[in-house]
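Here is a short tour to read alongside the model on your screen. Take it a section at a time, and keep the viewer open as you go.

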Amino acid sequence: MTTTGEHDDDPPPAAGVPRDVPAEVRSRRSMLALAAVESGRLLRHPAVLAATALSVWLLWRWGRGTVPVLHYADIATQFPLAPLAAAALLATNLAVLRPHRDGAVDLYGATRLSLARRTLAHLLSVLPLAALGGVLVVVDLTWLAGVPGSVGAPHIAEAATGPALIVLGGCLGVLLGRVWRSVAVAPLVLVGLAVGSLTLADLYVGGHDQRSWVWLGTLLRPVTIDPPPVALLGRPATWHLVYLLGAAILLGALAVWRSQAQARARRRARAVTGAVVVAALAVATAAAAAQTRPTSPALAAQRLAAASNPTAHQVCQQRGPAVYCVFPGFEPQIALWEPTVRAVLAGVPPAAATRAAPVTVAQRIGWGRLAQDEDRLADAQSRGRGDNGPVAPVGTIWGRDGQALATSQARLASNVAARVIGPPDQVLEPDGEQPKSSSGPAVEMAAPGEGCGARAVVALWLAARASSHAAVGLRQQVTDGRLPFITFTNDVDADDVVWGMREGQFALALLERPSDQVAQTVWRNWDLLMAPATTLERLGELVGVQPPPHRAPAPEFGENLC
Amino acid sequence: MPWLRRQLRLVPALLVPTARAVGWAAPLAGFALSLGLLALAVRPGLELPAERLVLWLRIAMTVGALGCAFLLDDPSEPTTEGVAGSLLLRRSLRVVLLLPATAAWWIAVVWRVRAVQPGLPLPVAALTLEAAALLAVTLALAAAGSRLAPERRGGVVAAPALLALASAGFLLPAQATLYAPPDSAAWDGTHRRWALLLGLALAALAAASRDPAHRRLPSWLRGLAPGLTRGRAARAEARRSGSPDAAGRVERSVG
């Protein structure tokens with residue numbers, strides 16, 4: 001095997017180089033020149049080109065689905081940049097090993113650069129690629145900020161995590177190349193890291209307080225599907241960025257230190273590198289300790305207060321027939337919901353609409369995922385809701401395209417329709433009796449019968465009629481759903497109505513009929529249809545549509561909801 | 001098929017030198033890493049749904065295949081072009097030599113999943129087809145990549161390409177998916193695609209392993225250099241008549 005022909009950084013100056021330029025400066029210039037060449041090659045590497053295309057596509061795909069909440073959109077830029085980080089690892093590793101593959105190790109002995117300087121040049125060559133990642137993030141967030149209804153502001157540390165990951169990948173690639181000369185090591189290490197991150201991300205499902213040590217991984221998704229207000233987010237983003245950068249500098253310094261050891265560099269240079277290694281290790285360890293601290297009691301109390309009585313933490317605006325309650329900063333989303341709410345209310349007999357007005361539409365998120373103790377949360381929620389009536393919940397995330405739009409419209413429309421028809425024990429009886437007061441804790445999810453019977457079919461029909469997207473959302477749930485009931489969200493709130501599957505099928509059948517004809521029949525028989533006792537069969541007789549047959553649910557789901 | 005018979009006659013002589021020349025570390029490290037990750041992900045006491053379990057099996061497959069991307073790396077290829085054993089034979093021998101380890105790895109993967117989740121019906125045959133197709137695709141990529149990479153180290157091309165293809169496979173739309181969940185309606189269609197992929201990959205591997213030294217020259221070039229073709233014919237005649245130390249020469253150049 002060839003040996004590395006090494007020398008000091010100050011060989012005699014080459015012909016044409018002025019003698020008065022110090023050797024150190026000449027060496028640094030050469031290193032920067034090599035870094036520029038290597039960064040150009042890195043940016044043109046097929047793996048990097050493919051990863052850039054994949055990253056751009058992932059950013060675009062994730063950005064177009066929902067109306068952006070920028071303090072969540074910045075987190076969503078991290079995973080799409082992971083292919084670039086992987087490409088950086090592979091490409092820098094191949095670049096470091098290029099002389100070994102091409103049998104050019106001896107030729108480097110004729111240049112003025114030491115092995116350590118060449119390693120440093122390879123490390124510096126990663127920076128333009130990280131800058132490319134940064135540009136992608138900035139362009140993505142600028143695009144998202146311009147979308148109508150966009151809310152929030154990005155966190156600089158969350159936005160910088162993706163580019164930091166690219167730097168980490170590149171530094172790891174260089175280190176692996178300096179430790180092992182085999183090109184097989186980097187891909188194997190890469191899949192180990194990728195799968196390890198996937199496992200850690202899976203473990204994070206329980207939330208920060210369940211296993212805060214999973215932040216020692218690289219990428220973590222947000223815990224809730226619907227973004228909470230920024231004050232309740234509680235992600236140690238800055239410490240995580242410091243942790244990643246500290247780890248990257250540690251790996252880079254180890255690569256340089258290894259090169260110096262291989263080339264038997266001067267002791268002073270090795271001492272400087274050793275100091276950098278120690279400092280980077282200290283920073284990474286401190287950041288690791290800081291980011292894995294459990295959630296502060298103040299934040300936990302804040303979350304509990306917001307979960308137990310969200311209304312107190314929201315701002316409400318009356319617009320037309322509805323009151324909209326949103327977390328501060330989310331006001332631009334109201335304009336997106338209004339057409340759906342108005343369309344649902346327009347389908348109801350005026351008397352019923354007046355009786356139900358004002359319908360309160362309020363943002364809700366899956367608090368259970370953020371809570372430390374779910375029992376405490378449930379207690380607090382049941383206490384906090386005592387004096388507030390049921391609202392029509394809507395997520396803090398609103399669809400913009402495709403399935404997300406269909407699902408969020410269907411959720412809002414069906415919940416508004418549910419509030420219009422009222423809980424089953426509050427509606428007027430067909431004979432005109434006064435409504436009975438609601439009894440029992442209202443937090444019971446899906447109060448028995450609320451999503452059942454002819455009134456539920458009417459509500460779902462009203463919802464699906466409100467917009468074509470809501471109809472698509474209902475159709476998806478009915479045709480794709482494996483469960484014997486229908487919900488339009490994964491984080492079901494106490495006020496979300498859970499609908500019977502048979503009711504959903506019947507509502508779809510009604511949608512097939514001429515809309516005016518069905519509307520006339522429904523309006524004419526409104527009071528009868530709103531009675532909890534009215535069955536689907538009776539509704540079928542009125543509208544002339546055969547109700548769907550009863551179907552036994554799969555044994556693992558227990559009995560039918562209705 | 002006298003050509004095939006001549007090639008097969010070389011197998012015993014080539015076995016040991018090929019076994020010495022193969023870089024075993026990468027494929028075996030790939031198998032070991034794959035098993036290690038699977039052992040971490042599929043643990044007793046961790047209830048995983050069938051879909052998740054199959055996902056982990058597929059990740060394990062990809063990691064195992066990744067190590068095999070370096071199986072065909074052979075820096076001596078330019079110098080062994082002229083030997084009697086064709087490139088396809090030498091590469092096939094490498095694959096055959098790794099087969100026992102591959103089979104042991106796959107059995108261990110399936111055994112681990114079966115042992116941890118005994119109640120779950122695992123579609124072993126279909127998953128084995130996926131693993132075989134993925135390995136064949138990897139080897140085809142390595143064979144094709146050896147023409148691009150310096151020193152015929154095709155793994156440099158094949159490993160990133162495999163990672164890119166596997167990622168792309170997970171992102172394919174539902175109509176063309178390769179990774180269907182076990183109870184989905186698309187399962188059978190998906191495995192027809194895997195079988196097709198296996199066939200195509202084997203054909204591509206054979207095509208990429210045609211011996212560059214035995215390529216036919218274009219007719220206009222043959223017309224320009226009649227002496228050269230006569231020389232080739234003469235060498236072919238000499239081979240037909242049998243050269244006693246051909247196997248020995250092969251052994252030396254491979255080893």
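## Ground rules

A salt bridge here is a side-chain nitrogen of Lys or Arg within 4 Å of a carboxyl oxygen of Asp or Glu. Side chains of opposite charge can pair when their charged atoms come close.

This is a predicted model, in which local features need pLDDT of at least 70 and side-chain atom pairs count only at pLDDT 80 or more, while totals for chains, interfaces and linings use all residues. Residues are numbered from 1 along each chain as its sequence is written, chains are lettered from A and ligands numbered from 1 in the order in which they are written, and side-chain values use heavy atoms, with hydrogens and water left out.

## Chain A as a whole

Chain A has 22 helices and six strands; these are DSSP runs numbered from the N terminus, with helices (H or I) of at least four residues and strands (E) of at least two. Of its 562 residues, 51% count as buried. Buried means under 20% relative accessible area, exposed means over 50%, and partly exposed lies in between (1.4 Å probe, protein chains only).

The accessible surface of chain A is about 24600 Å², and 60% of that belongs to carbon and sulfur atoms. Such areas come from the Shrake-Rupley method with a 1.4 Å probe, and for residues only the protein chains shown count as cover. Among contacts (heavy atoms within 4.5 Å) in chain A between residues at least 6 apart in sequence, 78% join residues at least 24 apart.

## Salt bridges

Searching the whole structure gives twelve salt bridges over all chains. In one of them, Asp401(A) pairs with Arg64(A), with the closest N and O atoms 3.8 Å apart. Asp401(A) sits in the loop between strand S4 (392-394) and helix H16 (402-421), and Arg64(A) in helix H2, so the pair ties together parts that are 337 residues apart in sequence. Asp401(A) is partly exposed at 35% relative accessible area, and Arg64(A) is partly exposed at 32%.

Glu158(A) and Arg235(A) meet at 2.7 Å, N to O.

Arg538(A) and Glu541(A) form a salt bridge at 3.3 Å, N to O. They are three residues apart in helix H22 (residues 536-543), which means about one helical turn separates them. Glu541(A) is exposed at 59%, while Arg538(A) is partly exposed at 35%. Elsewhere, salt bridges with shared partners join Arg319(A), Glu338(A) and Arg342(A) into one network.

## Where chain A meets chain B

How many residues of chain A are in contact with chain B? The count is 19 residues of chain A, in contact with 20 of chain B. The area buried between the two chains is about 1800 Å², with 80% from carbon and sulfur atoms; buried area is the accessible area (1.4 Å probe) that two parts lose on being put together, summed over both. Arg101(A), Leu188(A) and Val195(A) supply 30% of the area that chain A buries against chain B, more than any other three residues.

There are zero salt bridges between chain A and chain B. On the side of chain A that touches chain B, helix H2 (46-64), helix H4 (78-102) and helix H9 (185-203) each supply at least two residues. The largest share, nine residues, comes from H9(A).
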